[in-house]
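Subject: Handover of a structural model

Dear colleague,

Please find below the structure that I am handing over to you. My notes on what was found in it follow directly after.

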Amino acid sequence: MSEDYRLTLVSGGQPLPQGATFTADGRHYIVPFNNQLKVYFISTRQCIRSLKFNKVNNISFEDLVGLKLDTQDQNLIWAFLANGEVLIINWKEKLINPIIKRFNLEKAKDDSILHIIEFTNESFTVVTGKDSNKPHTRNIIKYTQVSESSENYTSSSLSTIRNVILYSNSKGLTKVVMLSKNTSQRVFTTIDLTKPEEKKTIEFPYKSYISTLAISNDGTIAAGTSSGVIHLLYENASRILKWHIDQVNSLSFSIDSNYLLSGGSERVLVFWQLDTEKQQFLPRLNGDIVKIDSQHEEYYTLTLKLDNQNHYEILLLSSLDLQSRLSVTGPRQDFNSDLSNLKKLFKSYQKQSNTDVTKLKYDFTSNFKIHPTSKQLYFINGANLQVFDFFKNEQFLIQKIADTLQTGKVRSEHKLLDPVIKQFSFTNDGKWMATVEEHHHGEIDNLLSKNDLTYVLKIWKFVESQAKSTTSNISISNSWELVTKIINPHGLHVPIISILQAPTSYFKGVAFLTADNNGGVRLWRSNGNGERISWSLRKLKPSSNLYSNSVSLAWSNDSSLIFLGFEDSIIPIDTNTFEEIESSEIGVLQNISGSRIKYLDIVDNNLIVLSKTTLKSINLLNMQENDLVLSINPPKNGENLITTNQSKNLIAVAVNYYNQESSKLNSKIFIFKPYTKIPVFIGDHDDYITSIQWNLENDFIFIDMKSRIGIVSNSKISDDVEVSQVDYAQEMSVLLQNAQSSSEIYKQNDDVDNTGEINGYTKSLDVNSFSNLYENLDSIQLETLFDRVMQVIY
C-alpha cells in the first residue's frame with residue numbers, strides 16, 4: 001500500500017540575506033532561497049518562475065555567495081558558492097535541468113569564496129579567505145579565462161591583507177576598503193583595483209567598535225559603530241554623523257556618492273545628504289536593517305531581519321518615492337528551541353556515538369495550522385500570525401494579534417518584552433478563530449511583579465471585504481476582526497495550555513474549549529447571531545490543586561464526551577454536566593498512558609494517545625487497547641509532530657533522528673490505521689520536520705527546519721501539485737500568444753461588430769481598445785491578464 005502515497009517538497013523555503021540580482025532589462029528580480037531561485041516580475045510583484053535544483057542536482061544554496069548576470073547571454077546567471085563551485089543557470093527558459101554548466105575554481109585548501117567584487121564572463125575578481133567572524137587574512141584574487149572556448153580559469157593574486165575584520169567595495173567596482181586590526185591600532189586600507197599595488201592607509205584613532213563599512217566611488221570611507229555614530233573618513237580629514245542610538249548594521253553610498261544610506265535596529269532607513277548633512281527617514285520597517293544595496297539606479301534593496309529565527313524579508317523600494325515595489329519572504333516559524341542549539345546537539349552525538357538517535361535533547365518543533373476553507377497556512381510569529389498561501393508559495397498577509405512597539409528596540413528597550421501567541425484554533429467552518437496571548441511585565445522598572453504573566457483569550461471573526469484597487473475594479477481583502485477579549489480567562493496568572501474547537505455536532509461547531517495547567521476546563525460560546533456578537537464562558541470544570549504543563553484535549557464527534565489529558569492521566573468529562581465520569585468501565589483510562597501525555601485525538605471511535613514514551617490507540621467501544629502500541633521519543637511539544645486524517649481514519653507521525661552517517665538531522669513520516677501498528681506508509685525526509693498537519697481533505701502537509709513545505713499524498717495528487725507550479729508561466733505565455741493571434745485575425749476583418757452589452761449597458765470596442773493588453777507577454781501572470789481585459793471592458 002506504500003506506493004499509493006508519496007512524500008514531495010512543493011513550496012516554502014527562506015530567502016537568503018545575500019545574492020539577489022536584477023536582470024539586464026531591470027524588469028525582473030531574481031531572489032535566491034535556501035532551496036530554489038525565484039524570479040519576480042517587479043511591475044506585478046508576482047513570482048513568474050521557481051527554479052528548484054535540490055531534487056535533480058542535490059544543490060543547496062545555503063552557502064551561496066552571489067548571483068551575477070552573464071555578460072553575453074541575458075538568459076543566464078552565474079551562481080558562486082563558497083566552496084568554489086560555479087553554476088551557470090538558465091533562469092528564463094523552461095528546461096528540465098536549468099543548469100547549463102558547472103565547474104570549480106582553484107583556491108587555497110582552507111579558503112572560501114567570500115565576496116564577488118566585479119564580474120564578466122572572461123574575468124572576475126573575488127575576495128577569499130577563511131569563513132570566520134574573527135580577524136583573518138583576506139585575499140583579492142582575479143580569475144581570467146584561459147581562452148574563449150575554454151572552461152578553465154587561471155588565478156592571480158592582486159592583494160593580501162592580514163587580520164581583516166570587515167571589507168567593502170565601491171559601486172563602481174574599482175575600490176575596495178579593508179579594516180584590519182593590529183596589536184594597538186585599527187587601519188583602513190584602500191585598494192584601487194586598477195592599480196592594486198598602490199595602497200592607501202588611514203588609522204582609526206577611536207575606540208568604538210566598527211560594525212559595518214562602505215566606500216564611495218571617490219574613495220570616501222564610511223564606518224558605522226556599535227554606539228550609532230557614523231565616521232566619514234577622507235584622505236586628510238574626517239567628520240561624524242549622528243542620529244542612530246544603537247548599532248549601525250549597514251551602510252551604502254548612492255551611485256553618485258552624494259548620499260549615504262544607513263540602517264540598524266531602529267528599523268528606520270536614514271538618508272544623509274552629505275553636502276548639507278540634511279536627513280530623510282523611512283521609518284517603521286518590518287525588521288532590523290542588516291543590508292542596504294543601492295547598486296541599481298531605480299531601486300534600493302533592503303534586507304530586513306524579522307526575528308531571531310533567521311527569517312528575512314527582501315524589500316525593493318523605488319528610489320523616486322521610496323514606495324515598496326516588491327516584498328519577498330518565506331514561512332515564519334517560531335521554533336521552540338533556538339537554532340543555535342544545533343551545534344551543541346551535533347557535538348553531543350559526536351562525543352557519545354551510542355546515544356539514542358531519536359531522543360534529541362532539543363525541541364525544534366513549531367506550531368502551524370491550516371485554515372479549514374482557504375487551506376492557507378497560519379504560523380505563529382511572536383505577536384503576529386503569518387498567513388502563507390501554500391499554492392502560490394508566498395505570504396498572503398500578516399495578522400496583528402497583539403499590540404507591540406512599532407519601531408525597533410534599542411538598548412534598554414530590549415527589556416520590554418512583546419506579547420507572544422501561545423495557542424490558536426479555528427472553528428470547523430473557518431469563520432471563527434481563538435488566540436491565547438502571554439504578556440510579560442518585563443524588567444524595565446524592576447517591578448515586584450516582573451515575573452508575573454498575564455494571559456489573554458481573544459475571539460476573532462473572519463471578515464471578507466471588497467474594495468477598489470489600482471489593478472482591477474474589485475479586490476478581495478481578507479482579515480480577522482476582534483470580537484471578544486478576555487483577560488486571565490482561567491484566573492490570575494493561570495496559563496492556558498491547550499485549546500480545541502468544538503465538533504460540528506455541538507452548536508454547529510461554534511465553540512472552543514480551553515484547559516489550564518491545574519486541570520481546569522472551560523467552554524466558550526457566542527451570544528446571539530446578530531451584528532453585536534460576543535463570546536462568553538458557558539461551562540467550566542474547576543481547577544484542582546495539582547499542577548502540570550502536560551495538558552491536552554479531545555472531543556468526540558457526537559460531542560457527548562470530552563477527554564482531558566493531564567500529566568499521565570486521561571479524565572473523561574460529560575459535555576452536558578461538565579463533570580468527570582467516574583464509572584468503572586471508563587475509569588481504565590486513568591493511567592493507561594504510562595507517562596506524560598502530549599496529545600489526544602479521536603479517530604473512528606479510537607482514542608489516540610501520544611505520551612512521552614509511547615503512541616497507542618484505545619477502542620472506546622470496548623475500552624481495550626488496539627494493536628497500535630509503539631515505543632516513541634517525542635520532544636517536549638510532541639503534539640506538533642502528530643496529526644489525524646478524520647476522513648480516511650489515518651494517523652501521521654513525524655519522527656526526527658540524528659543520522660550518524662551524514663552527521664545531520666533527518667526524519668521519517670509514518671502513517672498508521674488506528675487499529676494496527678503496521679504502517680501503511682513510511683517516507684524519508686532529509687531534514688528535521690518541525691510540524692505536520694492534516695489539510696482537512698486527503699493530504700498531510702509538513703514543514704521542516706529550512707521552512708520547506710512538503711505534502712504526503714497519493715502519487716497522482718503530488719504530481720499534479722508539482723506540474724501546476726512548474727508549468728504556470730508557460731501556460732500563461734501560450735494563452736497570451738493564442739489571444740494575440742486571434743486579435744490579429746479580428747483586426748483584418750472589417751465586418752466585426754465591435755460593440756457589446758455588459759451588465760446592462762453598451763460600450764464601444766475597437767481594435768485599439770486592447771493595444772496595451774500585449775505588453776510584457778513573457779512575464780505576465782494570468783490574473784494580471786484578466787485584470788487588463790476587465791479594465792478595457794468596463
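I begin with threonine 194, which lies in the loop between strand E15 (186–192) and strand E16 (195–204); helices (H or I, at least four residues) and strands (E, at least two) are DSSP runs, numbered from the N terminus. Threonine 194 is exposed, with a relative accessible area of 57%; here buried means under 20% relative accessible area, exposed over 50%, and partly exposed in between, for a 1.4 Å probe and protein chains only. Its side chain and that of aspartate 192 are joined by a polar contact of 2.6 Å. The term polar contact denotes a pair of N or O atoms within 3.5 Å; within protein, one must be able to donate a hydrogen and the other to accept it, and residues adjacent in sequence count only if both atoms are side-chain atoms. Threonine 194 also lies 6.7 Å from threonine 174, C-alpha to C-alpha, although 20 residues separate the two in sequence.

The model is predicted: local features need pLDDT of at least 70, and side-chain atom pairs count only at pLDDT 80 or more, whereas totals for chains, interfaces and linings use all residues. Residues are numbered from 1 along each chain as its sequence is written, and side-chain values use heavy atoms, with hydrogens and water left out.

Overall composition

The chain contains four helices and 56 strands. It has 794 residues, of which 52% count as buried. Of the contacts in the chain with a separation of 6 or more, 47% are between residues 24 or more positions apart, a contact being heavy atoms within 4.5 Å.

Four strands make up an open sheet in the order E2-E3-E4-E5, with antiparallel pairing; two strands pair if DSSP finds at least two bridges between them. Strand E2 (21–22) and E5 are the edge strands, each pairing on one side only. Strand E3 (residues 28–32) runs antiparallel to E4 and is joined to it by five bridges, with tyrosine 29 opposite tyrosine 40 in E4. Between E4 and E5, also antiparallel, there are six bridges, and tyrosine 40 has cysteine 47 in E5 as its bridge partner. Four residues lie between the strands in the hairpin of E4 and E5, where arginine 45 takes a positive phi near 60 degrees. Of the seven residues of E5, five are buried.

The largest nonpolar core has 19 residues, and Leu37, Phe53, Phe61 and Ile89 have the most contacts inside it. Such a core is a set of buried Ala, Val, Leu, Ile, Met, Phe, Trp, Tyr and Cys residues joined through side-chain atoms within 4.5 Å. Among the elements that give two or more residues to this core are strand E4 (36–41) and strand E5 (46–52). Neighbours within four places in sequence aside, leucine 37 contacts several residues, including Arg49, Leu51, Phe53, Phe61 and Ile89.

The sheet E41-E42-E43

A second, separate core of 18 residues includes Leu500, Ile562, Phe566 and Ile571. An open sheet of three strands has the order E41-E42-E43, again with antiparallel pairing. Strand E41 (551–555) and strand E43 (569–574) each have a single partner strand, so one side of each is left without a neighbour in the sheet. Five bridges pair E41 with strand E42 (residues 561–566), and tryptophan 555 stands opposite isoleucine 562 in E42.

Individual loop residues

Most residues other than glycine have a negative phi. Leucine 173 has a positive phi of about 65 degrees; this residue is in the loop between strand E13 (153–169) and strand E14 (175–181) and is partly exposed, at 26% relative accessible area. Leucine 696, with a positive phi near 65 degrees, is in the loop between strand E52 (689–694) and strand E53 (700–704) and is partly exposed at 34%.

Aspartate 246, in the loop between strand E20 (238–242) and strand E21 (248–253), is buried, with a relative accessible area of 15%. Residues up to four places away in sequence aside, aspartate 246 touches residues including Thr225, Glu266, Lys409, Arg411 and His414.

With kind regards
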